[in-house]
Structure formats: C-alpha cells, structure tokens
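Take a look at the chain below. We will go from the whole fold down to single residues.

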Amino acid sequence: MNYVVGVDIGGTFTDCVVVDEGGKVTIGKSLSTPADFAQRALNAANDAAQNVGLKNSDELLSATQLFFHACTIGDNTLITRAGAKTGLILTKGFGDTLHMMRGKIAEGLTENEIAHRSALDKPEPFVPRKLVEEVPERIDYKGKELIRLDVEAAEQAIDRLVSKGVESIAVCFLWSIINDGHERQLAELLKKKYPELFFTLSSEVTPYLGEYERSATTVFNAYIGPKISSYLKNLQRTLHSKGLKREPLIMQAYGGVLGIAATCKNAFGIIESGPAAGIVGTRFLGEHIGEKNILATDMGGTTFKVSVVRDGVIERDYKPVILRHSILSTKIWVESIGAGGGSIAWIDPDTGLLKVGPQGAGASPGPVCYDVGGTEPTVSDADLVLGYLNENYFLGGRMRLKKAKTIEAVRQKIAKLLKMTEVEAASGIYRIANSHMSDLIRKATVEKGHDPRNFVLFAFGGAAPVHASRYAAELGIRQVVVPLTASVHGATGLISSDVVYEYGKSDHMVVPVDTTRVNDNFSGLLERALSDLRAAGFEENDVVVNRSVDMRYRYQVHELNVPFPAGTTAITAKEMEGLYTLFDDLYEKAFGQGSGYREAGKEILTLRLTATGLLKKPDIKAERVQRSDGALALKGQRDVYFEEEHKFVSTRVYDFTKLHPGVEFDGPAIIESPVTTIVVNPNDRAVMDEYFNIRIHLGV
C-alpha cells in the first residue's frame, strides 16, 4: 500500500492526514508540545500510522509517495521577534525607508486600537537604524545606470554589519526591479567574503513597485530565512532517516506547495501557510460536494480565521499587512482574531465587563481543563462547563479533562466577580466568543459586498464544530458543513495541493496599452516558470498557466487584480479590451455601484503569472447513502446547556465512528468523534453525506 501524507503543525495541535490508494482517509493528532518541530511532525504521523494499522511512523513514511507539510514556525518567529539579527543595505540617501514607512500608522490596527492615541505609533522595525547601511549606486526608473556601484564602499558596509554580529543581510536597491545588476554584484561580494551568511535580494523575492513595501518584504525574508532553512533541512534529514524517499513539499501562503530549496530561498512564503492549506482543502471538498460559494472558518486553540471561496475561486491578497507592515507577497486572503478554544476569559478592570481574548493559553500551559498548568478559564473551559465537551472522551479518550477543576476556575476567576453562577459565566464566555466570530465573518462578507446568506459555512479546526451553528445563525446562514477531517482540515488541504510558482513584474502602462509590450513581459515570466517546473520534474502537459494584471483608475490608489483566460497563447487586442471591461465590473462589485471613475482612464502597474504543476489528487470515494435515524450510533445522553432553554437539557450523544452516510436526526444533539465535537442545536437538523461530512441545516 502507498500513501499520501499531509502534516500541519499548529499552535496547539499537530495534525496528520493519510490517504491510501483506495481513497480512504485516516487522521492523526498530537499536542504541539515538543520543542523540536520535526519531532512534532513525527508524533502526529505516528498517531496516524497506528490508526491506519501500521506499527509506527517509520513504516508509514517508507510507503509514502508524497509528503506535504505546513507549520507555524515562520509566523511564530515574526510574532515573537526570534529571527536572525538582520542588517539592511540600501541605496545611499534612502537609509530611512524602512523607518519612514508610508505614514499609514493605523494600518493593521483594530477600530478600538485606532481610537487610542497611544496605539498610533509606528511598529518597531525588524532592523534597527544602526544595522542599516547605505551604499553609493543609482539606477533610474528606466533601468539606466546613473551611478556605478561603489564596490569598495559595499565591501566596507558588509564588513561593518558582520562586525556587529548580523546573521543575515537584506539588500534593496532603488529600481532594482528594472535592472538588478547592482544587487547581483553585491550578492557576489557576499558569497565571496562570507559564504555562510544568509542574504536576500529584493529583485528576487519581491520585484514590484513600492519602495517601502519592497524593503519590508525583503527584510522579513532575511529575518526568518535562517530559521526556516535550518528547520526545513533538519526536517528533510529526519524524514529521510525514517524512510521517506521523496522530498517533502512545503505549503506556501498563496495556496500551492514548493520543494525545500525553493522555500528556503523565499522563506516569507510560508507565513500563514497553515491557514492557506485549510482554504485549499475547503475548495477541494467543495468541488466534491457541489458547493462553490463557501465561507471557510477555522477555529483552533489560538485563533479564529475566516476566508472566502467565491464561484470556486479562492480570494487572494496581493498586498497583505503583517504585524502592521505592508508587504508585497501574494497570500490567500485570511482574516483572523484571537478567538480560539484557548482564548482566555477575563474581567476588564476599568469597566468590570467580561472579555474573551485575544490573549490565549496556547498548548502550554493550555486551558484549565487540560490540567497541564493553565489557571485562567478559556473558551474550551466554558464549553466543558456547558456540557458540550465530554471530559472522558477528549482526543478519543486519550486525554481526560478535569471538569471539577474547570468549574472552580470559572467560579473563582469570573463568576464570583460578576455575581453570577459558573454556568451563567460559562454561557457568557460562549456567547461573547461566538459574537467575535460572527463579527469577523461579517467583515469578510458584508463589508466586501457579499451576502453571507448566499454562502455555505465550513467549520474546521478542533473547536469550530462546537460553535459554528451559533455564529452562522447570527448571520442568516442556512447550512454548516463539518468536514470528516474538520480538526485536521489544514492537513487535508495539503494533500489536495499542487506545486505552484508565482512570478511577477512591475511595468507601468497607461490604457490602452501596447499588446506587444504586455506579451514580451509575460514571455519572460513564462520562460522562468517552465524552467522551474521542468527542474521540479513536470512536463509541459502537466502545467497550467494563469496570467493577470494589477490595474487601477488613474490618480486613484485602489488596485484590483484582473485575470486573463488561462493559457499561454499571445494576448490579443480584443482580449485586452475585455480585460478593461472586466476591471470596471470587478471594481463596482468591490466598492459599490457607481464607484468606478472611468473618466480618469486606467493604468496597469503589475503583471503576474502563476504556473501550476498538477499533482495527482487523492481519489476520495463517495459511499452509498442509507437512510436511518442513527439509533445504532447512540452512545447515551447527557445534560447540555442550550441558550433557547436557558437551562441544561437531556441531550442525545452520538458516536461519529458509528454513523453512516444517510443518517439524519434533529437537534439538540452532540456528535463525538476522536478529534472533535459537533453541537447540533435545537431547531437544527444534522445529516451525514456520502463523504462522511456532517451537514447541519439551521432552523429547519
């Protein structure tokens, strides 16, 4: 038997999904507690191997055809500022670029944070001013050399940075996106003098207009690059020592996977790769069950995330804001808040009001109910108090939750201070968490011109199925889908991925543009794409190419990415005309009817090309549907608190592993699986479909 394996390392749990040759899906899960990330991956793979019926991860990896991976090491490195000591080399006269930013000091802040003047400071740069060097050189906007690179000054700048202990260097010269000669010269100096020193060139990782954004992106890549490279190379060695024969494939934030070498070079690409994998898995599952408009909601132990699949297309963000820094790196559009199962409930000392998050307990010390050191009540603790979670069946019974200790913590930390019972306090925590999540979904839909009622909501992540029907109902959504792989959905997305390379080039053109110039630009990008994919083992028949441009109305700032039809044939004048019309339509959909300023004219700023090397997808089998009421899967009953009743209600509890496609029953009910718990509220109806997903129809 051969297998396809996906491992996703999250903040609280590490997830593994295994698909065999017959399309059978098996999952594994372990706590993300070892300090060694590679060991975390092996622990989850070992759990999945035993669930498959194998002895251990060695036996599984020896029979693995493709191994996919996503992790949070890049995110954590930035958030905790634990990256390499990084130096920055810029064109002389532009040494303050990173510190001046764009003047958008409120970028990346919430409305509440913006209201407080103390929050309106610029974020601390990842390279202090003392580690910024300026070198005499100058290229103009047409790519003409105005001032030669001063090689002696460049060597001295490098030496000064190394003497100050830098472990990595970012290089970002003015207009290197048009002519990268000076950056390449400096790269040769670095290789010659300090061959072990990690460095990043802006012309390689972010060849786009935007002096500050390009500098920030280059710095981010240099900052996390050494740690990412060290981890991935260690992972590769570890997996190969355990029997894996092929190179691991690493998920990128834009929704495709790359090999180790390509990922190490563009380390920034793995930021938020875990959430990206979940969205790819959502589209993959949506294709199977016939749903093209999906709100993907991911609630794990640390955060709650939402993304959108509209008409079968994943929405992307070409200028994301990461930790309040504007970045030029494509990623799947994901909005997140600190509202996971481990989000801590607390009393605001100024207002006396109950708050939930954004602080989280993480995997260590974790929620109180885990009994591994946590003392502050969390959302998961509230779920246990309300009866949603089974203290004896968490992680399929491998972990026993401490209910009495949890109730006492909620009583002492919250209920006594608010003069209420622990159940009332837990219900308040539950409702506040749900409101936070519905507000975020509203931001992802209503504020972007979408009606949430036109979408199906997918609930994944270990904690989402407990809450999803509540936050969906607040928005008028009529159906919630809890995938078979809900608690390991990121890993599911990994195994349904393709190898994807992203290329781009800035070239300012005023409409109507010269089609020859457009085709020449795309020809250069296509040549690079085909070369990289051939090196990765793909034939041209297995490659799909998509081209697009970033456009805007002249004298305005809002850009939109507008796609051409897929393919590599030369773009015609007629296709360009169609592109201009499509931009007008997309602009009004995004910003409202009548918002387009056609009289200003249009301009193209950036050309983008995505080359996809198609991998064989797991053939997930549909099973025969047999209608029943699920009586054979009934485990018993327990008292569960529901808002409609304002009290505990004796509620049927079903064993997910004994349900079969076609089972239907009304709420209230609880469905327990070894990796998650699904709450079916009163007035809702649950159905298991042919792929073992639970579909909850709200208000039936």
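What follows moves from overall form to sheets, then to helices and individual positions.

This is a predicted model. The chain holds 18 helices and 35 strands. How does its radius of gyration compare with that of a compact globule? For 700 residues, such a globule would have a value near 27 Å. The chain has 26 Å, so the two agree. Along its principal axes, the C-alpha trace spans about 80 × 60 × 55 Å. Buried residues account for 56% of the 700 residues.

I89 has V171 in β9 as its bridge partner.

Strands pair through backbone hydrogen bonds, either parallel or antiparallel. In a regular strand, the side chains alternate between the two faces of the sheet.

Another open sheet also has 4 strands, ordered β29-β30-β32-β33. Here the pairing is mixed. Which strands stand at the edges? They are β29 (634-642) and β33 (677-680). Each has a single partner strand, so one side of each is left without a neighbour in the sheet. The twist averages 30° from one strand to the next. Strand β32 (residues 669-672) runs antiparallel to β33, and 4 bridges join them. Across that pair, I670 stands opposite V679 in β33. Helix α15 (residues 464-473) lies across β29 and β33. Its run is at about 25° to β33.

A hairpin comes next. Strands β21 (residues 343-347) and β22 (residues 354-360) run antiparallel and are joined by 4 bridges. I347 has L354 in β22 as its bridge partner. The hairpin has 6 residues between its strands, and G352 takes a positive phi near 75°.

Turn to helix α18 (residues 573-591). It has 19 residues. Its first and last C-alpha atoms are 27 Å apart, close to the 27 Å expected at 1.5 Å a residue. Which of its residues are buried? They are M576, L579, Y580, F583, D584 and Y587. Seen down the axis of α18, these residues fall within an arc of 140°, so they line one face of the helix. On the other side of α18, K574 and K589 are exposed. The cover over the buried residues includes α17 (515-535), β26 (543-553), β27 (560-563) and β28 (602-613). Just after α18, G592 takes a positive phi of about 110°.

The loop between β27 and α18 contains A570. Is A570 buried or exposed? A570 is exposed, with a relative accessible area of 53%. The cut-off for exposed is over 50%, so this value qualifies. Leaving out residues up to four places away in sequence, A570 touches N519 and E575. R81 lies elsewhere: A570 and R81 are 489 residues apart in sequence and 46 Å apart in space, C-alpha to C-alpha.

For a contrasting position, find T238 in helix α9 (residues 211-241). T238 has 18% relative accessibility and therefore counts as buried. The cut-off for buried is under 20%. Setting aside neighbours within four places in sequence, T238 is in contact with A38 and L42.

Note on methods
Residues numbered from 1 in each chain as written. Predicted model: local features only at pLDDT ≥ 70, side-chain atom pairs only at ≥ 80, totals over all residues. Heavy atoms only, no water. Helix = DSSP H or I, 4+ residues; strand = E, 2+ residues; numbered from the N terminus. Expected span 1.5 Å × (residues − 1). Buried < 20%, exposed > 50% of the residue type's maximum accessible area, 1.4 Å probe, protein only. Arc of directions from axis to C-beta. Contact = heavy atoms within 4.5 Å. Pairing = 2+ DSSP bridges. Axes fitted to C-alpha atoms, helices over the stretch in contact; angles between N-to-C directions. Rg over C-alpha atoms; globule rule 2.2 N^0.38 Å.
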